[in-house]
Amino acid sequence: MATALNPFIWDRPLDDPSKIIGMEAFANQVALTLKGQTNVALFGPRDTGKTTFTNQLTLELAKDHGAGAPPFDVVKVNLQRVVSIPGFIGCVYDAMTSHPTKGLRRAAQRQLGALEKEIGFDIKVIKGSVKSSALSPAQDGETLHSQLVALRSLSEHLVVVFDEFQRLRHCPGDPLAIIRSALMSSGSNHVSLLFTGSIRNAVKMMLENSHEPIFGEAAEMQLPAISRADFLEYLDFQFQSTGKGADEAALNHLLNATRAHPRSTQQLAWECWANTPAGRRPVTGGPEGGRCSRIAHGLIWAPRRGQLHFTLPLFA
Ligand SMILES: Nc1ncnc2c1ncn2[C@@H]1O[C@H](COP(=O)(O)OP(=O)(O)OP(=O)(O)O)[C@@H](O)[C@H]1O
Ligand SMILES: [Mg+2]
């Protein structure tokens, strides 16, 4: 018999749609909003599934939703490490040249090649030289602008995702004005933007301050919580299908401990699965604890230094 792998993932965004719980309806709502030419700002605290959601959304956007809502392409720009315009240029470069769709990737390479010819040097040089003084900040701004204009020409129906958008508030050189000019003004009617952020106030400030260039240009939405019933069903299925069918009480105990927080639940389920030997099944202690043949670690996490800490799993 094939060895079962631990089915729970908690250290990276999920890209397998069969593992993304409870986001279909919201993905449909956001996709139709974006296809209707409205930008969206999506808030959600850390580790609640914003990046995972953008993967589900990409699948939804690729569907044909009927008249006026054909399939859309998506380019995801991860701004996690951006502190400067050259850094931003590097992120856009990566998003374009490593796009998962071959046609788009090739078109991006052609566009960037043409742009490099025009500006007379390699964009990779800017990318690798955040501290270089080879270019003035104004030239960097110009390059980013040209690059975003190249990006918008990649598809006739395009959504650009700026993940961790709030990072740009630390970025000098007026990146919001550049985004606005390249992706939100004339010539970009076929482009919609999704801004995701984990610091709600920061993103609100960037979008709602009348002094900011992107003032009031996005509908605000909140990432929905994964329903407890959906999570329970998912955990049940995953333990069952890997030969460690868990007691319902144990799964409820697990969800109570994590309050069904997405990443914490997956991480605790991972630990519980890893600590349950093949062929055994997670159970709870409690008054009927005598049923347990052995106690290993536990299903209960206690707060320690602001983190959930694994303490007791039981299996029978
Ligand atoms: N829809 C989902 N279904 C099941 N698990 C999820 C879902 N969304 C997130 N998770 C869990 O949460 C973890 C973190 O997800 P993700 O990286 O998408 O969150 P994030 O909000 O982008 O985090 P960060 O704030 O660090 O960018 C995933 O590895 C997964 O365990
Ligand atoms: Mg993320």
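Author: Start with the secondary structure, where helices (H or I, at least four residues) and strands (E, at least two) are DSSP runs numbered from the N terminus. The protein has 11 helices and 10 strands. This is a predicted model, in which local features need pLDDT of at least 70 and side-chain atom pairs count only at pLDDT 80 or more, while totals for chains, interfaces and linings use all residues. Residues are numbered from 1 along each chain as its sequence is written, and chains are lettered from A and ligands numbered from 1 in the order in which they are written.

Reader: How is burial defined, and what percentage of the residues in the protein is buried?

Author: A residue is buried if 20 or more other C-beta atoms lie within 10 Å of its own, exposed if 12 or fewer, and partly exposed in between, with C-beta atoms placed from the backbone. Of the 316 residues in the protein, 37% are buried.

Reader: And what do contacts say about the chain as a whole?

Author: Two residues are in contact if their C-beta atoms, placed from the backbone, lie within 7 Å. Taking contacts between residues at least 6 apart in sequence, 74% join residues at least 24 apart.

Reader: Let us take a pair of helices. At what angle do H6 and H7 pack?

Author: Axes are lines fitted to C-alpha atoms, for helices over the stretch in contact, and angles run from 0 to 180 degrees between N-to-C directions. Helix H6 (residues 137-152) packs against helix H7 (residues 175-183) at about 35°, and the axes are 9 Å apart. As for hand, a crossing is left-handed if the near helix is turned anticlockwise from the far one by less than a right angle, and right-handed if clockwise. H6 and H7 cross in the right-handed sense.

Reader: Which residues of H6 and H7 meet?

Author: From H6 come Gly141, Leu144, His145, Leu148, Val149 and Arg152, and from H7 come Ile178, Ile179, Ser181, Ala182 and Leu183. By class, this contact of H6 with H7 has 7 nonpolar, 3 polar and 1 charged residues. Here Ala, Val, Leu, Ile, Met, Phe, Trp, Tyr, Cys and Pro count as nonpolar, Asp, Glu, Lys and Arg as charged, and the others, Gly among them, as polar.

Reader: Is Leu148 buried or exposed?

Author: Leu148, in helix H6, is buried because 22 other C-beta atoms lie within 10 Å. Leaving out residues up to four places away in sequence, Leu148 touches Val92, Ile178, Ile179, Ala182 and Leu183. Its C-alpha atom is 8.9 Å from that of Ile89, 59 residues apart along the chain.

Reader: What does Ala150 contact?

Author: Ala150 is also found in helix H6 and counts as buried, with 21 C-beta neighbours inside 10 Å. Apart from its neighbours within four places in sequence, Ala150 is in contact with Gln111, Leu112 and Leu115. The C-alpha atoms of Ala150 and Ala182 are separated by 9.2 Å, and these residues are 32 apart along the chain.

Reader: Now the ligand. Which residues come nearest to ligand 1?

Author: A residue is near a molecule or strand if its C-beta atom, placed from the backbone, lies within 6 Å of it. There are 21 residues around ligand 1, and Ile21, Gly49, Thr51, Thr52 and Gln266 come nearest. Helix H2 (50-61) and helix H11 (262-274) are the elements that give two or more residues to this shell. By class, the shell around ligand 1 has 9 nonpolar, 7 polar and 5 charged residues.

Reader: Why does ligand 1 lie between domain 1 and domain 2?

Author: Domain bounds come from an automatic or database domain assignment. Ligand 1 lies between domain 1 (23-222) and domain 2 (228-315) because both give residues to its shell.

Reader: Where is Asp230 found, and which residues does Asp230 touch?

Author: Asp230 is found in helix H9 (residues 228-241). Not counting residues up to four places away in sequence, Asp230 touches Ile21 and Gly22. Asp230 and Ile21 are 209 residues apart in sequence, yet 6.9 Å apart in space, C-alpha to C-alpha. With 14 other C-beta atoms within 10 Å, Asp230 is partly exposed.
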